[in-house]
Amino acid sequence: MLSTAGLSLEQAPPIHIPFRFFLTAPLFLLAAALLLALKGDSLLASRWSPAALAVTHLIVVGFLGQVMSGALLQMLPVVAGSPVPSVRLVGGTVNPLLAVGAGMLAWGLLGGGGMALSVGAVCASLGFLVLVLSAGLALLRARGAPQTVRAMGLALGSLLVAVVLGLVLTEALSGRIWILQFPAWVDVHLAWGLLGWVGLLVMGVAFQVVPMFHVTPPYPKWLSFWLPPLAAAALLLGTLRLVSDTYEAGVAATGVLALAFSLFALVTLGLQARRERKRVDATLLHWWSAMVCVLLAALCWLLAGPPVVTGILLLLGAGVGVVSGMLFKIVPFLAWFHLQHRQLTSGKLQVRVPNMLTFLPDRPARLQLACHLLALVGTLAAWAVPVLIVPAGIALALSAALLGGLILRALVRFRRVAMAIEASPPSTHPEAM
Amino acid sequence: MDVPLDVSALEPPEPMRQILEALFDLADGDRLCVRHRREPFPLYDILQRMGYAWETSGSEGRFQILIWRTAPPVTDGSD
């Protein structure tokens, strides 16, 4: 029998905390999109171009970092029964630090100077550090979902490694220190950030949300138990090979990572094919396209394809895609849950809480998906036909604007219903149900 | 009497909605016996504030939550 004693009355953080992260994030995706449209030619010429580095950080720190931090603060109490300590303070600190960090990092990488780069790196690192410490503490107190908790822990550990490496690389870029094999260390920083932090967190969250929202069978236990530590071990091996300078170990590490994430993508697609809830919505379509991108990225690596293409598939196709799709479920669920909670605990049951689709309808969400896919295909095609980067950037800007607009719309609807509940008299009749 | 309710094949927010609806219909002295695929942590907060007690048993993929009324609801208006 599980104990119910000592449970915090405030399991979920106030709704404005995750929404603050979710509303900030699309602004950085929009900035990345504009940079893509304006500086696309130099961006595609080399992954080392200032524009490519700036776009990558705007997306990874500004967009993915914001959404995933907000989602983590929200999901820990829901899936693991463990609220993040001092969540108001943590949310109020991490959100602006990541925003300033992403902006200044991008500005510094675009040629804004060493000071901008250092300020950006320090702010982003501090923001992530506060997240790692607070979310890490919550994970230690977790009471459920052990496989997800472990994957989240590994993701936070990966984030820490990516942050430390990022700080060291910033110092090297500013000329204060000198690093042997600089490009290889950038690859390792990218791998810990994109595959470790983003990839492992998506994996851990998927173990919960894929069966939950699409009513699929659960992930096989062997997969959820072994895959996250296997991927983390491969990342570690890939890092150690730089120290030992062993080429074969590096190839083996990348191979294991490609295999692990391909397996995850295949199993996810398989589970979704066996879902009980047959309706195909924008979230599911985002998942499908993201998982196909993971498989294509692995194939591209296997066939020694251009690293830029692998990067676009992972960053834009898988990362931005799956996170956008999950927002379409998380945002309306939060709005519904907080209104329900407010209504039941205040005893004001006269106002009907709308269903989830009222907060975030599927049709505009599908339009956002279409813009996202156009941007993805356009960016990939621009590798061969560079002029396509301009429409691709515009499509990405539209997808970011739609995403932000949909989240804002959900918040406005939430506020409207919350005010109606507030103004209504107390009642014990369950009309609102 | 224990009133059974299986929400294990429903997508969010249906499990919570149906549980809350069933609680409003629950007769005095009865208990709601919910079957769920995951432990519904967010529900506990609402139950506690509404004056219900609960006992959860089971493990990943198969939980049983027994809910019964113990006190009048706490109406403090906060969330």
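## Close-up views of a predicted model

Figure 1. Of the contacts in chain B with a separation of 6 or more, 52% join residues 24 or more positions apart; two residues are in contact if their C-beta atoms, placed from the backbone, lie within 7 Å. This is a predicted model, in which local features need pLDDT of at least 70, side-chain atom pairs count only at pLDDT 80 or more, and totals for chains, interfaces and linings use all residues. Residues are numbered from 1 along each chain as its sequence is written, while chains are lettered from A and ligands numbered from 1 in the order in which they are written.

**Figure 2. The elements of chain B.** Chain B contains four strands (DSSP runs of E, at least two residues) and two helices (runs of H or I, at least four residues). Their order from the N terminus is β-α-β-α-β-β. Among the 79 residues of chain B, 37% are buried, meaning that 20 or more other C-beta atoms lie within 10 Å of the residue's own, with C-beta atoms placed from the backbone.

**Figure 3. Confidence along chain A.** The average pLDDT (the predictor's confidence in each residue, from 0 to 100) of chain A is 91, and 96% of the residues score at least 70. Residues 1–9 of chain A, however, have a pLDDT below 50; this stretch has 13 contacts in the model beyond near neighbours in sequence.

**Figure 4. The domains of chain A.** The assignment, automatic or from a database, gives domain 1 (16–144), domain 2 (146–278) and domain 3 (321–433). Between the C-alpha centres of domain 2 of chain A and domain 3 of chain A the distance is 28 Å.

Note on methods. A residue is buried if 20 or more other C-beta atoms lie within 10 Å of its own, exposed if 12 or fewer, and partly exposed in between; C-beta atoms are placed from the backbone.
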